[in-house]
Amino acid sequence: MLEEKIQEAVSQAFSYLYGHDLPAEQISLQPTRKEFEGSFTFVVFPYLKITKGKPEDSGAQLGDWLKEKTDFIKGFNVVKGFLNLEIEDQSWVETLHTVAQDDNYDHLPANGQKVMVEFSSPNTNKPLHLGHLRNNFLGDSASRILAANGYEVKKVNLVNDRGVHICKSMLAYQQMGNGETPESAGVKGDHLIGKYYVKFDQQYKEEINTLVHQGVDPEEAKKEAPSIKAAQEMLQKWENGDAETVALWEKMNSWVYEGFDKTYETMGIQFDTMYKESNTYLLGKELVEEGLQKGVFFKKDNGSVWVDLTEEGMDEKLVLRGDGTAVYMTQDMGTCDMKHQDFPFDKSVFVVGNEQDYHFKVLFAIMKKLGRNYADGLYHLSYGMVDLPTGKMKSREGTVVDADDLLQEMFDTAERHTRELGKIEGMDKEEAENLYRILGLGALKYYLLKVDPKKRMLFNPQESIEFQGHTGPFIQYTHARISAILRRAKSLEVPSAFDSEKVGDLSKREVDLIFRITEFKKALQEAAAEYSPSIIAQYVYDLAKEYNGFYQEVPIFNEENKDKLGFRIALSSVTAKLIKESMSLLGIEVPERM
């Protein structure tokens, strides 16, 4: 590709002009800033010790050599220490031809490495909410991006299906459920169980208030309230295998899973493996024993086991209680080993909110201390909270932003918006409804993925569905527009083949669009290295914007030069293919017509 050719030429220039061996792969090029002529910029400043000249003189020297000795540098300009290179039109045309012929341009070859991505991890006491949506979309998109970079990817979901929080909804159902089922209530199972979680919390708060009025200390009241004691008792029964408790737990969880499955299907999310905490919560105790033998952990007088991470810039951390019961860290250590036995990964990615940053720092440090050869490949894909214009989300009070409701709202908004703009003319009902689904889900996914995962974000449903601006529907509409052009070209029997030498001069719009196309693989690799779908989201937005500029300024079907016309059809076709692939990396479909 062009960039590699330029790097090679700059390397030769350094050898010829300065007698210095500068490997091509170490040469960095950046896109030229819009206000200057050129496409690629080479920054001279870092090399002045080698060139032994002023920045402007060194840039001019290199530019003169490149223009004289290569057949693809058309011209150059030097701004201080920045050498801006203009590329011959013929080279751009050949570049497009190469990309158009390359069926593998949208992915990298297999690299022989395995990566596990764990995401979603819901609790079985409530439905999925807005925060889960960001988690699911990030995990799914990161998995797709890693697969396109040549990794063998396994997507896993570790469901939190046990613990005192699960017993809270079980207890409330036992006390107030009266045999209600999802069918009799006419609601999804996860919503039904979520209702009882809220009921538990309301009752628990009333009990605390009563105790506080009786003069009990508020903190003490939280521990002594009858409901919380009953929930803890129920957990003991579950852990001891009490038949009645286990039967209730299995029944209520099965309702929740049915509900989750429907939500995952609507979101377009699938997993290769489902792990359940009820099967993993006892893991890790043998690792505590191993850590004690290796001198990695130490025992305190009360029998509790700790790890000292002060050398790693952290503190001492409990790994087993004095009574021999596990803490979350114990379980996570065991789960790491179990997952690696199931799928011997080179990397393992945990998609979890940033409130767990410290927990994962500690976990990874412990696995390293225990000598796990996979520890360097553990990565926490941390993300910020999602706010709505109305404020934060909470699930216990029942004021949570429910994922199912939000998805439906997005489909309804897409329908309203699409009808107003008259974009469904000539479509039957089924086709139109599929379009609302594609647009609504695309708007939601794109809006949540375009922001750097680490940043807290505000989700604005109304803004996300607009057909103009930095949105999913803008990019989807661009794809539909190009698809219409390609259909017209087919009906007019215009071939997308062209003779590179007969295309002639290119407009700046054409050059800029091809340049953007050549940036795809760089964006793909960067997104994988950073575990950041926002890099692909930005890339595809820039590509769609670039195409729209080209479409508005450059005539396609009025062009009389047959090779130029074929070239523009090919340029449109490659752009559509890359928009479709980029959006697919975000888990977003694109419509063929609108």
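Let's start inside the chain, with Ser483: its relative accessible area is 5%, so this residue is buried (buried means under 20% relative accessible area, exposed over 50%, and partly exposed in between, with a 1.4 Å probe and protein chains only). Ser483 sits in helix 19, residues 472–491. If you skip residues up to four places away in sequence, Ser483 touches Pro591 and Glu592, where contact means heavy atoms within 4.5 Å.

Before going on, know what you're looking at: this is a predicted model, in which local features need pLDDT of at least 70 and side-chain atom pairs count only at pLDDT 80 or more, while totals for chains, interfaces and linings use all residues. Residues are numbered from 1 along each chain as its sequence is written, and side-chain values use heavy atoms, with hydrogens and water left out.

Now step back to the whole protein chain. It has 23 helices and 14 strands; these are DSSP runs numbered from the N terminus, with helices being H or I of at least four residues and strands E of at least two. The C-alpha trace spans about 90 × 65 × 45 Å along its principal axes. Of the 594 residues, 55% are buried. Take the contacts between residues at least 6 apart in sequence: 74% of them join residues at least 24 apart.

Next, zoom in on Asn125, in the loop between strand 5 (114–118) and helix 5 (130–148). Is Asn125 buried or exposed? Its relative accessibility is 0%, so Asn125 counts as buried. Setting aside neighbours within four places in sequence, its contacts are His165, Ile166, Ser169, Ile193, Gly194 and Tyr197. With His165 there's a further detail: the side chain of Asn125 reaches the backbone oxygen of His165 at 3.3 Å. Asn160 is 35 residues from Asn125 in sequence, and their C-alpha atoms are 9.0 Å apart in space.

Asn178, between helix 6 and helix 7 (182–185), has a positive phi of about 50 degrees although it isn't a glycine. Tyr531 also has a positive phi of about 50 degrees without being a glycine, and you'll find Tyr531 in the loop between helix 21 (520–530) and helix 22 (533–553). What about their surroundings? Asn178 is exposed because its relative accessible area is 77%, whereas Tyr531 is buried because its value is 10%. Then there's Asp301, in the loop between strand 8 (297–299) and strand 9 (305–308). At 87% relative accessibility, Asp301 counts as exposed. Gly322 lies 21 residues from Asp301 in sequence and 8.8 Å from it in space, C-alpha to C-alpha.

Key
A polar contact is a pair of N or O atoms within 3.5 Å; within protein, one must be able to donate a hydrogen and the other to accept it, and residues adjacent in sequence count only if both atoms are side-chain atoms.
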